[in-house]
Amino acid sequence: VCPTGALTEVDHTPKVIRAIADPKKTVIVQTAPAVRVALGEEFGLKPGTLVTGKMTAALRQLGFDYVFDTDFGADLTIMEEGTEMLTRLGKFLEGDKDVKLPILTSCCPGWVTFFENNYPDMLDVPSTAKSPQQMFGAIAKSYFAEQLGKTREELVVVSVMPCLAKKYECQRDEFKVDGNPDVDFSISTRELAHLIKESNINFAEIAEEDFDRPMGESTGAAVIFGTTGGVIEAAVRTAYELQTGKKLERLDFTELRGLDGIRSATIDFNGLPVNIGIAHGLGNARKLLDSVRAGEVNFHAIEIMACPGGCIGGGGQPLHHGNIAIIKARQEAIYREDAGKPIRKSHENPYIIKLYEEFLGKPMSEKAHHLLHTAYFDRSKKDIFI
Ligand code: SF4
């Protein structure tokens, strides 16, 4: 059951199997950062065991044509969301009365659905940046399709997510072109484990493999999207360097980390204090948003994730029954993966740089806006759940 309390599980696995078997289709899979720190639990491995390479190899054995990483989409999200944050912050500081702060992160569809239903008076506050899943899909079916010489209809994009709300997100009308979705199907971590077992793949023995390029390259900043506090920490790493023109001396913003339900910190942007709020779990999100609405707090940016712990505690993950030790082990694995990455800032991902040079121009360009940004709607009066 989804911890957002909103969704029932719809299994897209049979459709994925049919797509893989269809010789006319090129099937691409993307895997979210939180999946690699939890999938191993379904195969008897300790919570927090990193199985990135085994997962990649298993996906290839399942027959996907390209095994990519949602983390590429997360790096792209930071480029767009970080730029938007700096633009809004700059205008706000210049006294522009039309600019609203705080800017709220928008990569969690459980949270997006929650505020569309409960805070329709605040729809201009969240970032317009699409989630990493949806940015990935939009680029796969435009830029990468062009590279392959294929139409978007010939591609099928599948996501493996820790999340049940992603199944709904990929079916939203805003994320379709002439009825063709940017992401066709989303399966959960548990559903992937089931598929691997049903296919008699020996997960314990399988040799590790790397993601394909270009959309399998990612940074440590993208990996930490998987835990509460990670999206805003990734955004700070990039926004600081873009804003100040200086290299960060430390990349680990430990003041943004932890598992307390509501947290706050002030980060010094070279003399400019930026106030950041973080909430995870929808009860905490409501408390924080109510205090924003009442004008009781003064944040410039807020990260909200619907699930306890963020995506590591998502409804599609191996069941943890609220065991905080399991959540902590997964969180530690996320930070280990980040620390071990050769590149840890989204704006230094060479394939993201190339994507802007060859295709998008610059962050928040007209093309980037068209492909990578969205709008929000008042859904308080109708039942949108599927
Ligand atoms: Fe999905 Fe992550 Fe949001 Fe939970 S926190 S609803 S897993 S995106």
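Trainee: In strand β2 (residues 66-69), which residues point one way and which the other way?

Mentor: In this predicted model, Y66 and F68 point one way from strand β2, while V67 and D69 point the other way, and all of them are buried. In a regular strand the side chains alternate between the two faces of the sheet.

Trainee: What makes β2 and strand β1 (residues 26-31) a pair?

Mentor: A pair needs at least two bridges between the strands, and four bridges join β1 to β2, which run parallel, so the two strands pair. Within this pairing, V29 stands opposite V67 of β2.

Trainee: Which helix goes with β1 and β2 in a β-α-β unit, and what is the hand of that unit?

Mentor: The helix is α2 (residues 52-62), and together with β1 and β2 it makes a right-handed unit.

Trainee: Why is P214 called buried?

Mentor: The cut-off for a buried residue is 20 or more other C-beta atoms within 10 Å, and P214 has 20 such atoms within that distance, so P214 counts as buried.

Trainee: Where does I103 find its bridge partner in β10?

Mentor: The bridge partner of I103 in β10 is A301. Two bridges join β3 to strand β10 (residues 301-305), and these strands run parallel; since at least two bridges are what pairing needs, β3 and β10 pair.

Trainee: What makes β3 and β8 edge strands?

Mentor: Four strands form an open sheet in the order β3-β10-β9-β8, with mixed pairing, and β3 (103-104) and β8 (262-269) each pair on one side only, which makes them the edge strands. Helix α9 (residues 230-244) packs on this sheet, touching β8, β9 (272-280) and β10, and its direction makes about 15° with that of β8. Helix α10 (residues 282-293) lies across β8, β9 and β10 and runs at about 140° to β9.

Trainee: How many residues surround the ligand, and which are the closest?

Mentor: There are 15 residues around the ligand, and the closest are C108, G110, C163, C307 and G314. The shell divides into 10 nonpolar residues, four polar and one charged.

Trainee: Which helix supplies the largest share of that shell?

Mentor: The largest share, three residues, comes from α4. Both α4 (109-118) and α6 (165-169) supply at least two residues of the shell.

Notes:
Residues numbered from 1 in each chain as written. Predicted model: local features only at pLDDT ≥ 70, side-chain atom pairs only at ≥ 80, totals over all residues. Near = placed C-beta within 6 Å. Nonpolar A, V, L, I, M, F, W, Y, C, P; charged D, E, K, R; others polar. Contact = placed C-beta atoms within 7 Å. Axes fitted to C-alpha atoms, helices over the stretch in contact; angles between N-to-C directions. Buried ≥ 20, exposed ≤ 12 C-beta atoms within 10 Å, placed from the backbone. Right-handed = clockwise from strand over helix to strand, strands pointing away.
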